Each structure stands twice: as C-alpha cells, then as structure tokens.
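Q: Can we go through this one together? I'd like to start with the inside and then move on to the chains.
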There are 2 protein chains.
Amino acid sequence: MIDLADVRAARDRVAATSRHTPLDYTHTFSAMTGAEVHLKLETFQRTGAFKIRGATNRIATLPEADRAAGVVTASAGNHAQGVALAATRAGVDAHIVMPEDAPISKVKATRAYGAEVELFGVDYSEAADRAHRIEREEGRYYLHAFDDPMVMAGQGTIGLEILDDLPSVDTVIVPIGGGGLISGIATAIKGEHPDTRVIGVQAAGASSVVPSLEAGERVELDAVETIADGIATRTVGESTFEVIRERVDEVVTVSDDEIAVALALLLERAKTLVEGAGAVPLAALLEGTVDYDEGETIVPVLSGGNIDLNTLTTVIVRGLAATGRYLRIRTVLHDRPGALEEFVAIVADAGANIYAIQHDRTSRDVAMKDAEIEVDLETRGQDHVEELVGALEDAGYVIDVLV
Amino acid sequence: MIDLADVRAARDRVAATSRHTPLDYTHTFSAMTGAEVHLKLETFQRTGAFKIRGATNRIATLPEADRAAGVVTASAGNHAQGVALAATRAGVDAHIVMPEDAPISKVKATRAYGAEVELFGVDYSEAADRAHRIEREEGRYYLHAFDDPMVMAGQGTIGLEILDDLPSVDTVIVPIGGGGLISGIATAIKGEHPDTRVIGVQAAGASSVVPSLEAGERVELDAVETIADGIATRTVGESTFEVIRERVDEVVTVSDDEIAVALALLLERAKTLVEGAGAVPLAALLEGTVDYDEGETIVPVLSGGNIDLNTLTTVIVRGLAATGRYLRIRTVLHDRPGALEEFVAIVADAGANIYAIQHDRTSRDVAMKDAEIEVDLETRGQDHVEELVGALEDAGYVIDVLV
C-alpha cells in the first residue's frame, strides 16, 4: 500500500507539469452551510483536471525501457488529456484510444497536447480492449487511470497542498470514481494529520463503494448512469479499494439533481466551471449528506472542469429546475381574442419572468382552432412555482409541468 | 478631471469591501494570440463585478449629511449589487430601483446584500426617473453608476493592482459602457506608466464612443442592441468622456458573435464565467481588432461575471455555432423503412456527433407520411460543417441550416 513518503516523493515530479492550484475561501458557501468552506480549485489545473498529476508521477518513475517504448491508455476524458501532456513534457510517446463518440472537444484537446489519438469502439470498454492489444503488440506501457500506486501518489499531492495552505482543515471531501484521487489524498492527509476527516462521495448512479465496504470486497455494478461522467465507473480499483478501506472515514452518495444544483451554483456564485464529478463534493456538503459542526473548516475538492459545453447547458437547466428557478409548462389557449394576453398577465402578476413561448396551432392533441403553448419561465423557487401553477389552475388552465 | 492621486486615495477605502482580484497568466490565450496574456479576473470580485469598488469609494467620501440621508440609484445589474453591499458595509441605507423585468436572480442578490429593492418601470430609463423622484422627495444622494469622479477613482484601483502585479504590462484592454471603468483605469495607468497602452472596447451594437471621438463631443445613440447588457448604454458620461479623450489610446468595437465566442472559450479553456461585457476585451484581442506585437504583454480586464444562467445557455450555443462547433439543421425524411438510419449513417461517416433529434410528422410544410426532422450536432469547425452539409446534399437531402 502506498504511504505518505510516496506522495511526498511525487511532489517535485508533479511540479514539472502541474500547478499548485488555489484554495479559496468562499463567503457564499460558508454562509449557506454555516461551515468555513474553502474550495480546492483543481478545475484550474493544467488540462482542466487532476489527472495530469498522477500521469506525470507515473511516467517520471517508469524504467527507461518503458519510457523508450512509449505509453498507451484508453480514456474518453481527463485521463487522456493528462497522459497526453505529461508524456509530451517528458519526451515519451503516447498512444491514446478514445471511444468513437468521445466529445470532439476532448479529442482535439488530447491531440493538441501531443498524443496520437485513435478513435475506436462504441464505449470505454471496447477502447480499453484495443489499448491492451496495442500494449501487447507494441510493448508499450499501459498507463492505468487509477489502479497504480504511482498514479495514486501523484493525485495525493493535492492533499499536501491543502495541508500547506490550510493546516487547520477539519474535513476534506473528495469525489470517487476509480478511487485514485481519494486514495492519494487520504494517504497524504492521514499521514500528516490523522485527525482530519476524509470523506468520499459517489454519484448515486455509480456507487459501488458503499456496498463494497459492506461486503468487505469490491462489488462491481452491472451498469452506471450519472451526469458525472468522470466518476461513472462500475467499480473501484483493487489497490485503491484497500486504501479507501483503511484511510477514508466515510463514503456517501449524491443524486444527479443534487450534482446539477451544485454545478449551477458554482457557476452562478463562484463564476467557476466544474464538470459533474467536480461538483459532487460540494453537492454532498450543501445537501447535508455530510455531517459537520457549525464553523468546521471544510475543503470540497473540485476535481476538474472538463464538461462539454452542450452537456453544460442541459445540466444548468436541470439544476435550475431542481431548485424551482426554471419552469417549463404546457397548456392550451382557447381561440378567442386576448387569450394569450390574459395568460401572460397572470404570469406577470405572479412575478414570474417569461423566457420563451412556443405557440403551436397544429398539435393533434388539441381541438381545431385552439392552440397549445409551451412556456419557459424564470421563477423564484419551489414555493413560487406552486403559487404560479395554482394561480393558472384557478383561472381555468390545465397545466402540464414539463421541466 | 480626476487624477492619479484620486485613485491612490481610493485604494484603502475600496479595500474595505473589495478584494485585490487575481491576475492570471493564461497558456491557452497566449498560445492563441502569440502575446503574453494575463487575465485580470474581476469576475471573482465580491458581488461578481467591479462596480462595488466605485460605489464603496463614493459612499466613503460622502458628507455625513448625505450618509445619514441614505443613497438611491437605479440599475438592473452590477451597479445595484455593488451599491447594496457597499452601503450595507458602510452602515448607509440604500434604496435601489430595478426595472420590473430585471432577472430574479439579480433582484434576490441585491436584496441579500441588504438594500431595499423597488421594482418599477418597463426599462432602465423609467426606473431611473423613479429613483430621481425619490432623490428629490426623500433627499437621498443619487449614486450615479459612472459619471462621478469618486466612482471613477474607485474603479481605477483595478489599474493600480495590474501595475503592482505586472509592472511590465504593455497594453490593458477595457470594456466601455458608461466609461467609468476605463476612466479610472486609464487615469491610474497613464499616471504611473505613461507608455502602457489603454484600449477601450465597445459592443458594435452600443458603440457611441468612436463617433463621439470623431465628432469631438458626446454622441447619443437612438437605440442599443447587444448581448453584453452590462455595457448597453446609449452614451458615455460627460466626465468619463473627457478622461477617455485625454487618456485612452484607442477605442474599437466587437460584434455579438465575437463576444459569444470569447465567452464560450473562457468557460471551456479557463473554466471561468464572465458576462457579455466581461468577454469584450478578450474578444477584441482574439479577433485581432487590437494591434499588438509578438510577445507583447497584454491584460484584458474581465470586468464581471453576472450573467443570468438562462441567458448563458443561449450565448454558449451562439458562440459554438459561430465557430462551426454546433450546428442545427432541418430536413425532410421520406416515409420508407430505414430513412432515419440512412441519414444517421451519413452524419456518422462525416465524423459529426448527434446531440438531439426532433422528429415531427405533423408539420404542415411536408407531404403526408413524410417527416420533418431537426437535428442538433457537434461539429469540428466551419470546414467540417460545410463538408457535412455537402455530404447530406449529395445524398439528396434538402438541408436548412437553422443555427
């Protein structure tokens, strides 16, 4: 099992490619939680996520023969970009297999960091099979995304930075996908500061760790489904599971709606973009899924910011809708003069803002001459949504809430 | 006219409410431009924008009688939030009139900072009239958003911070709405460092300064139209115009598409949210609207980040579409087995990713039994869009490009 010395040894190596990312106190989230919240802004890391740390440490510690042969890996996301830049900086050749439907933006970024990118397979599993074939055929070193002591130690440098910048930290909250990030951070934190809590968070749709801890062995899920694609793994690694069992205080889960709300709040209040996985620790804190004392010093690790901008727009709408700040309804207007004006007046009286109205007279579900409308609205919260829908229903409208 | 001493005197006062915001070197935008680009991240300012600086300096220098009477102002945006927090911190009562259709998120934020908010009028102009009536009736001090020497001096503290953090700066690029921000910054920069260029940028749909400079007097536009609502003003102030004439080297304009592209890039590459006005200086740099030498040290001032999240989703799509990375097309599928599969196969062969397909058999524009589809796609750039549309047209589809 890796120990503190491995993480300490990783630190100088990792500095060759990676920045010591900011740890920023946040008025907003401190006020919302009653804790002293400092955000570890790994979203501002080179390549947009923490993966470059582990990849850099792994490549730096490879035997010369492996470095000469080059590395290969499979990834649809942050690991691809991290390996690409780490390898290029080390003068090591990198071949990266990405699934055919990987976002074009991520494929382009990985190529721009200097790797050879091959698009192969319908999903990560097929891409990984292809990468392992290249490992065998070309004798390249397969650089695993998490289940590797040197990768874990590299990610752990985040823990050292947190302790440097905020020695009084009480609790660190970390997302768990394959477990590489939390293994490294927990090793650093517990090694230097045994009383500081390390709490892991998984997306509810990809939560293998809680049942694994209960079973005393790794459980593999049949399927995963979450908007936090960076942590959508069916199981953690063998070596990461050992570290989690030993050094992580607690593991909790959050729902996709909770993740979307936290992501939207980080944008709106902290002006900071994170990906779904990066929002998970703050989601657990805001939802009270993590217990804490008033005034406790808490660090959510915002692990990365690589979210496809089209996905982002969907997640924002979901986050706003989940908190009653965005509402899409459908209703039918009867064909008489002033029907739309009357509807709009009720909405205005209720204090909601209209973003958009789609008006459709051709829908087959309504009587001839009536019109179906879909309305997108800005609202003030769940109570306001209920008040608005109630006012419209009182006026005789049949309201279908779509989002 | 204000001078350097006014800005220096503002500095300690402003520190009571505002942070010295980061000035971050950016690999990405340096590589894209060939310049050394450092971003002044005023988007991370308290209240999300620079306005709190000027409001704080103004309130701190008011006579005691005015402080006791309280302040009043009108604003739909950043000035409202800046005045609210500055007044609350100074123990001064603030009454702020916001137009009735102001985004709910901004109304809530302004109230949360401790101001009394009144919703009045269909636009800024009606809200301002109401605020002036309150000024007369209640004897409150009207706190102007830009045309006030103490407000200008407060905003100028940004210039001092830039010089502190990067004394070698060659060029500072600043958005212009009413002119308060650039007046203050130009006064600080030219006072300390006459050789550093200060360049102003307006949105093309709200660009009164270029014609004003040509005419030698302020020109007022009849109407303004831009996605950068923070700088959608019909003219600059009297006193700000004098400073701009004297101390600003050049004023240029950028289009809404250019603003949207810069905003989307800042999110995607710097993980940082700015509002439209905050994206304007980077837009001017990326588009080559500003001349510069290879390796020149340039600071775009990202003035604020308060953009309504629903507006944001629209702007992101516009930015992606403007660079050929998002495409929405409409076409007709004839009613025979496999029609959709054939269409999808051509798209896949061209290497585009499908985000969404809307399928509509009820449209009145197509023959019975045919179906109209609308398809949202991820593409790799303008060339790729042309290639994809060409391939579909070669296969016999009539393609309507919507976005």
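**Cavity and interface**

A: Let's begin with a lining: that of the largest cavity divides into 3 nonpolar, 2 polar and 3 charged residues. Keep in mind that this is a predicted model.

Q: Which residues line the largest cavity?

A: From chain A, they are Ser105(A), Asp308(A), Leu309(A) and Asn310(A). From chain B, they are Leu320(B), Arg325(B), Tyr355(B) and Glu378(B).

Q: How much space lies in the largest cavity?

A: About 30 Å³. The structure holds 1 cavity of 30 Å³ or more.

Q: OK, on to the chains. How many residues are in contact between chain A and chain B?

A: On chain A, 40 residues are in contact with 40 residues of chain B. The two chains bury about 3200 Å² between them, and 59% of that is on carbon and sulfur atoms.

Q: Which three residues supply more than any other three of the area that chain A buries against chain B?

A: Ile104(A), Lys271(A) and Leu309(A), which supply 23% of that area. Leu309(A) also lines the largest cavity.

Q: How many salt bridges does the rule find across the interface?

A: It finds 0 between chain A and chain B.

Q: Last topic, the scores. What does chain A average for pLDDT?

A: Chain A averages 95, and 98% of its residues score at least 70. The model as a whole scores ipTM 0.92 and pTM 0.93.

Notes. Residues numbered from 1 in each chain as written. Chains lettered and ligands numbered in written order. Predicted model: local features only at pLDDT ≥ 70, side-chain atom pairs only at ≥ 80, totals over all residues. Heavy atoms only, no water. 1 Å grid on protein atoms, 1.4 Å probe; cavity = no way out; pocket = protein on both sides within 12 Å on 5 of 7 lines; lining within 4 Å. Points joined across faces, edges and corners; volume = space filled by probe spheres on them. Nonpolar A, V, L, I, M, F, W, Y, C, P; charged D, E, K, R; others polar. pLDDT = per-residue confidence, 0-100. Contact = heavy atoms within 4.5 Å. Buried area = accessible area lost by both parts, 1.4 Å probe. Salt bridge = Lys/Arg side-chain N within 4 Å of Asp/Glu carboxyl O.
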